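Welcome! Have the sequence and the 3D view open, try each exercise yourself, and then read through the solution.

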Amino acid sequence: MTVLSVKGLHKSFGGVQAVQDVSFSISAGELLALIGPNGAGKSTCFNMLNGQLRADAGEVVLLGQSLIGLAPRQIWQLGVGRTFQITATFNSMTVRENIQMALLSFHRRLMGLWRPANALYRDEAMELLARVGMADQSERPCGILAYGDLKRVELAIALANSPKLLLMDEPTAGMAPSERVALMELTARLARQDNIAVLFTEHDMDVVFAQADRIIVLDRGRLIAEGGPETVRANEQVQAVYLGSGTVFAEAH
Ligand code: ADP
Ligand code: MG
């Protein structure tokens with residue numbers, strides 16, 4: 001089932017054509033990697049999908065509903081989750097309290113302000129923390145967590161909103177290579193369990209080739225390739241773009 005369908009997306013900044021005629025779609029439970037050199041237009045694409053930027057032209061449709069012209073909060077309410085570029089956690093609260101806050105906000109959205117005062121979603125929070133492997137750290141303040149653990153809490157916060165689509169712009173930035181693979185493996189597992197479509201950008205080609213079901217490649221605002229990891233890796237235009245930018249693409253395995 002198609003969760004997101006993007007057609008003919010355009011955005012320019014003055015003379016810079018940041019995104020030109022980009023079209024793609026994502027299915028439920030699918031991990032789609034959006035890759036390309038710095039400045040290719042990846043973040044601009046993301047920001048048009050999540051409502052932070054207005055597209056100059058194009059269609060963005062989530063489960064039959066157009067997202068064009070909607071505010072970021074409306075898009076979030078329709079089930080588009082985001083990680084991790086802005087730290088979503090409150091340092092002084094415990095891991096569990098952070099998840100409870102996210103669950104409260106989700107349920108308030110569904111039921112309005114009138115909800116049972118005792119509905120603090122403690123058990124639900126613990127279940128989510130177990131799913132990301134953080135149950136044993138639930139009572140620690142978020143402020144003292146290791147960076148990789150904080151990322152897993154942020155993933156749980158995103159899941160608390162029951163997203164249909166998760167947008168992850170450089171989710172593993174700042175992480176050690178081994179941690180990156182682990183975080184994306186976890187994301188892939190949870191996305192498949194919950195049938196969430198995931199669009200992510202990632203510089204580490206090991207992570208991309210190991211975890212993505214499908215890859216789309218942007219170069220100077222245009223989509224130049226699309227397909228499974230093997231197809232994209234073998235694409236000469238893609239190789240040229242990456243070798244030209246100095247990335248050791250050919251060594252990815
Ligand atoms: P990526 O995320 O792939 O590195 P970006 O989407 O951030 O690429 O940028 C694409 C192009 O658009 C770049 O040339 C960048 O300088 C330009 N750009 C991005 N955001 C803005 C902005 N707010 N104003 C002007 N130019 C921008
Ligand atoms: Mg970017």
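A polar contact is a pair of N or O atoms within 3.5 Å; within protein, one must be able to donate a hydrogen and the other to accept it, and residues adjacent in sequence count only if both atoms are side-chain atoms. This is a predicted model, where local features need pLDDT of at least 70, side-chain atom pairs count only at pLDDT 80 or more, and totals for chains, interfaces and linings use all residues. Residues are numbered from 1 along each chain as its sequence is written, chains are lettered from A and ligands numbered from 1 in the order in which they are written, and side-chain values use heavy atoms, with hydrogens and water left out.

**Exercise 1.** Find polar atoms of the protein that lie close to an oxygen atom of ligand 1.

*Step 1.* Start with the backbone: a polar atom of Gly 41 is 3.0 Å from a ligand 1 oxygen, and one of Lys 42 is 2.8 Å from a ligand 1 oxygen.

*Step 2.* Turn to side chains: Thr 44 places a polar atom 2.6 Å from an oxygen of ligand 1.

*Step 3.* Now look at cover. On its own, ligand 1 has 560 Å² of accessible area, and the protein covers 57% of this (Shrake-Rupley method, 1.4 Å probe; for residues, only the protein chains shown count as cover).

**Exercise 2.** Decide whether helix H5 is buried or exposed.

*Step 1.* Recall the terms: buried means under 20% relative accessible area, exposed over 50%, and partly exposed in between (1.4 Å probe, protein chains only). Helices (H or I, at least four residues) and strands (E, at least two) are DSSP runs, numbered from the N terminus.

*Step 2.* Count: twelve of the 14 residues of H5 are buried, so the helix is largely enclosed by the rest of the structure. Among them are Asp 149, Lys 151 and Glu 154.

**Exercise 3.** Work out which strands pair with E9.

*Step 1.* Two strands pair if DSSP finds at least two bridges between them.

*Step 2.* Strand E3 (residues 31–35) pairs with E9 in the parallel sense over four bridges, and Leu 32 stands opposite Arg 214.

*Step 3.* E9 and strand E10 (residues 222–227) run antiparallel, joined by five bridges. Here Ile 216 faces Glu 226.

*Step 4.* Between E9 and E10 the hairpin has two residues, and Arg 220 takes a positive phi near 45°.
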